[in-house]
Structure formats: C-alpha cells, structure tokens
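Okay, thanks for making the time, everyone. Let me put the model up and then we'll walk through it.

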Amino acid sequence: MVRPWTGIDELDDVLAELVDNASDVIGDDLVGVYLHGSFALGGADDESDCDFLVVSSTRVDETRLAALRAFHGGLPHRPGYWNRHLEGSYPLAADLADLGALGRRWPYVDHGSDQVVLDAHCNNEVMRWTLHEHGVTVNGPSPRTLLDQVPIEMMRAAARRNLRIAVEGWEHHRSWDAWSQRYAVVTMPRLLRTKVIGDVVSKPAAVSWALDVLDPLWRPLLEKALAERGQQPWDAPIDPELVERTLEFIRHVGRVAEEH
C-alpha cells in the first residue's frame, strides 16, 4: 500500500487498519479498498466523513459478517477523531460491474456507527460515477477496472429524482441545527449541477458553480454556509429566520431543476 491517501496521518492509520482487517476477514477474495465521496472529489473538511468501499469477489457470508461487525463495533469507541468518521460498504465486485445491480443491499456502516447492516446507501449512481472518475485506491487495482462509466443521462435522471426527494425531505425536516442547515445549503447546488451537467463535484466546487448560475440574492446564504462548516458545534441551534431562508433556497433550487 502506498500512502498517503488522504494526507491526514491519523485517518490514513485508520484506513491501513481497515485494509488489514479486510485482508484478515476476506482473505484471497479481497479485490480492493477504495475511497469515494469528499476525499476523492476534493473539498473534504472537518465536517466530512471518509467514504470507503471494500470490494470482494464473493459475497460476505455470515461468518465474515460477524467478524466485520466485531471490528466496526469497537472502532468508533476507541480514542481518536477519525475512528468515528468512517462510512462505507462491502460490495460484491460483480455488483459493481453491473449497472442493473443499482440499489442492491451491501453490508454497510453509517457515519460513526458501530453497526454493520445490509443497506443500499452506497449503491447509487453518484458513488459509481465518483469511484470511476476520481476513486482513490487504498489497496488493489484501479477502480476503473471494476466498473464502467455511468452514462450522463443516467446521472441526470438520478439527480432529478434525488432533488425531488431532497426538497420533500427538507420540507418535513423538524430537527434543524447548525449541521443540517449548512448541509442542506451546500448539498442542493451539487444535486442541481449533476442534474444540469451530469457530473459530480465537491460541495465547495458546487457552491462556486451555483454562485455563477443562481440569482445573486442567494450569495450570502451560500457563502455563509460554506464558511461556517466546521466552525460551530454541529448541534448548535439556529435562528428560525435562517431556517425559513434555507427552505426558500431549497424550494428555489427545486424549481430551477424542473426548468432544466
């Protein structure tokens, strides 16, 4: 393995341990370990998680699943910041190679969780596009040997669907805090860009793009959300007026998406 993968010594140590554990548990069936998400796209910051994939040539059986649960069950409870900020899945290589397998459930660890469950969270168009175009190889062959490029029209269709889900979800969101407000503001432009262009970029890059294409009246909200990432406790309360302004922005992005 050739380091550094992220440039953060502590995180790279955790990833090296992830690889060692995967090698012990999965053995010769281990295909590779990869990063997608913010650490592949760039723009990772103190509010980012580290999105990983551990790919195997055979499905994870109950014996291996139990061993993975033992590893992830202890990891976030140990000293260290990045032990609590991994998120990822253990996909089957054949699933990655098949766009028809989109949505299939894989063993999955949520951000900071100590549980391994079966979930389709990572098995989507955005992950596949990011892995193919920008995936970081921690161990194994290039990710481009494992899957094909996701067609642009498929990416745009997925973004259209995801934007509608996001607008509806935020409309019904009731537990607003500093993290969720910032996340909503910086994520909506990324979804919109994918809908319009068909690619995936980091949150800072998406905000920069949005500043050029959206009405300038949204500039203060966008710049504030990006500047404050990592600067306040995630659960800090926010002003109800900021919540309403954020909802107005979310609705606006939804309308713009419908026009393109």
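I'll go through the sheet, the helix packed on it, the cores and then some salt bridges.

Quick housekeeping: this is a predicted model, so local features need pLDDT of at least 70 and side-chain atom pairs count only at pLDDT 80 or more, while totals for chains, interfaces and linings use all residues. Residues are numbered from 1 along each chain as its sequence is written, and side-chain values use heavy atoms, with hydrogens and water left out.

Sheet, then. Helices (H or I, at least four residues) and strands (E, at least two) are DSSP runs, numbered from the N terminus, and two strands pair if DSSP finds at least two bridges between them. On that basis we have an open sheet of 6 strands, ordered β5-β4-β3-β2-β1-β6, with mixed pairing. The edges are β5 (117-119) and β6 (136-139); each has a single partner strand, so one side of each has no neighbour in the sheet. On average, neighbouring strands are turned by 30° against each other, direction ignored. For angles, axes are lines fitted to C-alpha atoms, for helices over the stretch in contact, and values run from 0 to 180 degrees between N-to-C directions.

Zooming in, β3 (86-89) and β4 (106-109) pair in the antiparallel sense over 2 bridges, and Gly 88 sits opposite Val 109 in β4. Lying across β1, β2, β4 and β6 is helix α5 (125-134), at about 100° to β1.

Now α1. It has 18 residues and spans 25 Å from first C-alpha to last, close to the 26 Å expected, the expectation being 1.5 Å times one less than the number of residues. After α1 comes Gly 27, with a positive phi near 65°. Buried here means under 20% relative accessible area, exposed over 50%, partly exposed in between, with a 1.4 Å probe and protein chains only. The buried residues of α1, including Leu 11, Val 14, Leu 15 and Leu 18, pack against β1, α2, β2, α3, β3 and β6, with contact meaning heavy atoms within 4.5 Å.

Which residues have the most contacts inside the largest nonpolar core? They are Leu 15, Leu 18, Leu 35, Cys 50, Val 54, Leu 86 and Tyr 90, in a core of 30 residues. A core, for us, is a set of buried Ala, Val, Leu, Ile, Met, Phe, Trp, Tyr and Cys residues joined through side-chain atoms within 4.5 Å. The biggest giver to this core is α1, with 9 residues. Take Leu 18: among the residues it touches are Val 33, Phe 52, Phe 71 and Tyr 90. Apart from that core lies another, of 28 residues, including Trp 218 and Ile 250.

Last topic: salt bridges, meaning a side-chain nitrogen of Lys or Arg within 4 Å of a carboxyl oxygen of Asp or Glu. The whole structure has 14 of them. Arg 64 pairs with Asp 29, closest N and O atoms 3.1 Å apart. Arg 64 is in α3 and Asp 29 in the loop between α1 and β1, so the pair ties together parts 35 residues apart in sequence. Arg 64 is buried at 19%, whereas Asp 29 is partly exposed at 21%.

Asp 199 and Arg 193 come to 2.8 Å; Asp 199 is buried at 14%, and Arg 193 is buried at 16%.

Technical notes. Lists of a residue's contacts leave out its neighbours within four places in sequence.
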